[in-house]
Amino acid sequence: MIHVRLLTPTDLPLGMRLKEQAGWNTLEADWRRFLDLEPGGAFVAELDGTPAGTAATMVFGPVAWVALVLVDPALRRRGLGTALMEHALAHLDGLGVPTVRLDATPLGRPVYEQLGFVAEHVLTRYEGTPGPTATPVGVQPLHPEHLEGLLRLDRAATGTDRRKVILRLLTEWPEAARVATVGGAVAGYATARLGARALYVGPCVAWAGAGESLLAEALARYAGQTVYVDVPQGNAAARVLVEAAGLAPQRPLTRMCRGPRVAERVEELWASAGPEKG
């Protein structure tokens, strides 16, 4: 029998075990971020009383994100993933959220399609160790006066008010944040976060020229370290840049949507925030 309940801090060891089994880059901080920012929006599936899967949701006004959908490999094909998703969607429907989005792995995509999700576009996860390069000019550390411009730019490019999660990421590792400005206005930003297997570069959201500078600066700054970058296939310039830095495709991720689509400017998305955040 499957039972879905709220995820609590005592379930963090379960989440970490599941992500290790899946080979994900996730840290305990990723679950804690959902627990802090979206109380009541993360769930555990139990099979005959044994905790066996997780899912988490994040609400941004009329748009929600689903992430951290993991099931114990030994207990797959027993309906746990579907039960978690149905519970999460019922929770979001109860809140009146019309649009739900997620980044699907190839394994998860068929489950989401059965629940009414449709593919929007594909991202490629790149992995590698960038070599040393010259640091681009025009990129500077984030200062408080940049913050509102950064949030406006992110909202315009993604079609979603991600303020709460962006502020949380900037607080978690403030020294990683960089901005580019044009005429005093924020033209783009980039940040990074730590991971279990690699340093994750993203999100990076910017106008064309600024995006190239910001992403190149991040790769130069983390030269010699293993990094992941999730790049939309629709941003050809970003793909060329990361491949020139020595990164190689690891796997595809399909961005999917249930409900009205969001007006997302893919050409301004140079690196995703990752499947955990959108």
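Predicted model: local features only at pLDDT ≥ 70, side-chain atom pairs only at ≥ 80, totals over all residues.
Good morning. I shall begin with strand S10, which covers residues 199–206. Is this strand mostly covered or mostly open? It is mostly covered, for eight of its eight residues are buried.

Let us now consider the partners of S10. Strand S9, residues 185–193, runs antiparallel to S10, and five bridges join the two. Within this pair, Ala 190 of S9 stands opposite Cys 204 of S10. The two strands form a hairpin, with five residues between them.

Another partner is strand S13, residues 269–271, which pairs with S10 in the antiparallel sense over two bridges. Here Val 205 has Leu 269 in S13 as its bridge partner.

With strand S11, residues 227–232, the sense is parallel, and again there are two bridges. Tyr 200 has Tyr 228 as its bridge partner in S11. How does the chain cross from S10 to S11? It passes through helix H7, and this β-α-β crossover is right-handed.

That brings us to helix H7 itself. The helix comprises 14 residues, numbered 208–221. From its first C-alpha to its last it reaches 20 Å, close to the 20 Å expected at 1.5 Å a residue. Which residues of H7 are buried? They are Ala 210, Gly 211, Leu 214, Leu 215, Glu 217, Ala 218, Leu 219 and Ala 220. I would ask you to locate them on the helix in the structure above.

Val 137 lies in the loop between strand S6, residues 118–128, and strand S7, residues 139–141. Its C-alpha atom is separated by 7.4 Å from that of Ser 213, although the two residues are 76 residues apart along the chain. Why does Val 137 count as exposed? The reason is its relative accessibility of 73%, since the cut-off for exposed is over 50%.

Finally, let us look at Thr 254, which is found in strand S12, residues 248–258. Thr 254 counts as buried because its relative accessibility is 8%, and buried means under 20%. What is Thr 254 in contact with, leaving aside its neighbours within four places in sequence? The residues are Leu 102, Asp 103, Ala 104, Arg 109, Ala 119, His 121 and Val 122.

To close, I return to the strand with which I began: S10 pairs in the antiparallel sense with S13 and in the parallel sense with S11. Thank you for your attention.

Terms used
Residues numbered from 1 in each chain as written. Heavy atoms only, no water. Helix = DSSP H or I, 4+ residues; strand = E, 2+ residues; numbered from the N terminus. Expected span 1.5 Å × (residues − 1). Buried < 20%, exposed > 50% of the residue type's maximum accessible area, 1.4 Å probe, protein only. Pairing = 2+ DSSP bridges. Right-handed = clockwise from strand over helix to strand, strands pointing away. Contact = heavy atoms within 4.5 Å.
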